[in-house]
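Hi,

Here's the model I promised to pass on.

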Amino acid sequence: MTGGGKGEVPETAGGPAHHTPVLVFEVLSALQPIDGELYIDCTFGAGGYSRAIVESAKCRLLALDRDPSSIPVAAALAQEFPGRFHFAATPFSAMEDISTDNDFNPVDAVIFDLGVSSMQLDQAERGFSFMRDGPLDMRMSGEGVSAGDVVNGFGEAEIADILFHLGEERRSRAVAKAITARRAEKPFDSTLDLARLIESVMPRRHDDKIHPATRSFQALRLFVNNELGEIAEALCAAERILKPGGRLIVVTFHSLEDRIVKTFLAARSGGKGRGSRHMPDAGDERRPSFALLRRKPVEPGAEEVRANPRARSAKLRAGIRLDAPAWSDDDGLQDLPGLKLINLRR
Ligand SMILES: C[S@@+](CC[C@H](N)C(=O)[O-])C[C@H]1O[C@@H](n2cnc3c(N)ncnc32)[C@H](O)[C@@H]1O
């Protein structure tokens, strides 16, 4: 491990930990850090949010990331802020137990910056990108079912469902059919191999804004990492551990993620989706457990998007925890697209 000095970029196993944090000033403005408070950064990545938070108040922060390549970066921050910065390499759905074990329950804020980091996307060997040749992996934690396991082993209808529900790929059936036909001759062994096959089903037109494999790769990544299920579980855990007055701050990067956060906060702040069809009588008895910080999401300004194109689809939503009891886990989220697919995971 190298680095650790203020402003230095620590090295990870895959190279320098470079990721430009998105909407960081807006996150700080929603958080309003206060000396002595306890915060959880659920998506440590290269530590951009964590650093900004611990530098802005004498607070204590527990950071989580399921990607072990964050460990050396976090170790450097722990040295720099002894006693104030702590890290656990774990999925954020485990937040409740981890926060209890580390004396961060109850907590004053829970912060998410969802999706993948630039380090993950840029390292070909992680297999996240159809622009770089690498193994069909895409696992943030390096554990569980890989993208290769899905395309080489799942049934045609299962693959089509994944591409349709998690990639919103309209030609999901044609792509799934081509995948299963091709793998019968030769299993897929790399990202470019799969990207080329998808391109052969949907040849790129000169006015296409995105590569034809974009939606399928997104779907595989979301599936392999159970990203939507993790978000739904973690939002409910955050609701249970936040103090009254505590802040829930979530930055999302695409519509499927944002819909979960929006539905969760809308229901729990007394708006749409308050009752669930699974608990039709519960709706009226529920007291709002959050107040929305703003009704509309905060989006990056033109200058941030120009400097960091990855920021263009970011949306920040935030709520303040009220003193009502936490709602039940399955209130209002289970019907959302993508969440039902969790059962396909083996
Ligand atoms: C967009 S990056 C966060 C960047 C960070 N805010 C920064 O400023 O460097 C998202 C990070 O969240 C992690 N992540 C995504 N889903 C996770 C989950 N379910 N549990 C824990 N970490 C997760 C990824 O491994 C990745 O490092």
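This is a predicted model: local features need pLDDT of at least 70, side-chain atom pairs count only at pLDDT 80 or more; totals for chains, interfaces and linings use all residues.

Residues are numbered from 1 along each chain as its sequence is written.

The chain averages a pLDDT (the predictor's confidence in each residue, from 0 to 100) of 90, and 88% of the residues score at least 70. Two stretches to watch: pLDDT stays under 50 over residues 1-15 and also over residues 276-280.

On to the fold. The chain has 13 helices and nine strands (DSSP runs, H or I of at least four residues for helices and E of at least two for strands, numbered from the N terminus). Seven strands make an open, mixed sheet in the order S5-S4-S3-S6-S7-S9-S8, where two strands pair if DSSP finds at least two bridges between them. Strand S5 (85-88) and strand S8 (290-292) are at the edges with a single partner strand each, so one side of each has no neighbour in the sheet. Inside the sheet, S3 (residues 38-41) and S4 (residues 60-64) run parallel over four bridges, with Asp41 opposite Ala63 in S4.

Helix H11 (residues 227-241) packs on this sheet, touching strands S6 (107-113) and S7 (242-252), and its direction makes about 155° with that of S7. (Axes are lines fitted to C-alpha atoms, for helices over the stretch in contact, with angles from 0 to 180 degrees between N-to-C directions; contact means C-beta atoms, placed from the backbone, within 7 Å.)

Is Glu239 buried or exposed? Glu239 counts as buried because it has 22 C-beta neighbours inside 10 Å (the cut-offs are 20 or more for buried, 12 or fewer for exposed, partly exposed in between). Leaving out residues up to four places away in sequence, Glu239 touches Arg268, Ser289, Ala326 and Trp327. Trp327 is 88 residues from Glu239 in sequence, yet their C-alpha atoms are 8.0 Å apart. Over the whole chain of 346 residues, 47% count as buried.

Cheers
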